[in-house]
Amino acid sequence: YDLSQRNPAVHPTILDGEHQRQVASLSSGSCLLDGLTFARGGANSNNSVGSLLDARSTNSIIRNCTFIDDSSRTYSIYITGNPDGAKAIIDRCTFRNNNSRQYLINLTYCQISNSLITNNVSSYSTLYSNNNTIIENCDFVRNIVQNALPIVYNSSSSCLMNNSIVWGNSTTATYSVQSSTYYNLITNCAIQGGISGLGTNN
């Protein structure tokens with residue numbers, strides 16, 4: 001089978017939780033998730049952490065995927081890479097029309113790049129990054145954070161945010177992006193609402 005002949009935009013492969021269950025879970029190791037749609041994770045799921053995708057201790061590649069129409073008690077997407085190995089990679093993905101009661105996306109030891117995060121509603125930050133996570137060439141637009149928290153929260157050491165746009169979002173927080181340590185670096189970004197904390201935007 002020639003993968004170049006596929007067209008996931010016209011003929012999507014949809015993993016649908018029907019708002020009743022978690023859509024996908026990875027416990028360790030590595031795999032390639034390419035061109036999939038993760039839809040309608042379940043607020044009533046017994047395991048509500050990562051109701052669209054819960055991937056832990058993995059160096060998997062998640063590419064050309066769409067995450068849509070979720071309803072989660074906690075995180076819609078929860079991904080942790082392997083601290084002793086390669087990061088988990090999220091590339092060319094779209095996160096759209098999801099609703100989360102905590103952080104929408106929680107990433108640790110990850111790299112997210114070339115991705116669109118739009119039209120989501122969360123009680124806490126749209127993206128919570130932790131422990132050496134890299135955010136590069138990403139657009140955060142028209143997201144709503146219901147509590148007084150930033151759209152993007154870089155929590156722990158050595159997080160990098162580069163060539164990204166945070167614009168047209170809604171939050172009652174003073175700043176749209178918050179960094180909590182001196183080791184966070186923010187470069188070449190367009191951020192409506194500015195940056196709080198110890199990161200720098202050059």
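Select arginine 40 and aspartate 16: their side chains form a salt bridge, 2.7 Å from N to O. The term means a side-chain nitrogen of Lys or Arg within 4 Å of a carboxyl oxygen of Asp or Glu. Now colour by secondary structure. Aspartate 16 sits in strand 1 (residues 13-16) and arginine 40 in the loop between strand 4 (36-39) and strand 5 (53-55), so the pair ties together parts 24 residues apart in sequence. Strands here are DSSP runs of E, at least two residues, numbered from the N terminus.

This is a predicted model, where local features need pLDDT of at least 70 and side-chain atom pairs count only at pLDDT 80 or more, while totals for chains, interfaces and linings use all residues. Residues are numbered from 1 along each chain as its sequence is written, and side-chain values use heavy atoms, without hydrogens or water.

Is aspartate 16 buried, exposed or partly exposed? Aspartate 16 is partly exposed, at 34% relative accessibility. Arginine 40 is partly exposed too, at 31%. Buried means under 20% relative accessible area, exposed over 50%, and partly exposed in between (1.4 Å probe, protein chains only).

Next, select glutamate 18 and arginine 21. Their side chains meet in a salt bridge at 3.2 Å, N to O. Glutamate 18 is partly exposed at 44%, and arginine 21 is partly exposed at 40%.

Last stop: arginine 56 and aspartate 54. This salt bridge spans 2.8 Å, N to O. Aspartate 54 is buried, at 4% relative accessibility, whereas arginine 56 is partly exposed, at 35%.

Zoom out. The whole structure holds five salt bridges.

Definitions and conventions
Helix = DSSP H or I, 4+ residues; strand = E, 2+ residues; numbered from the N terminus.
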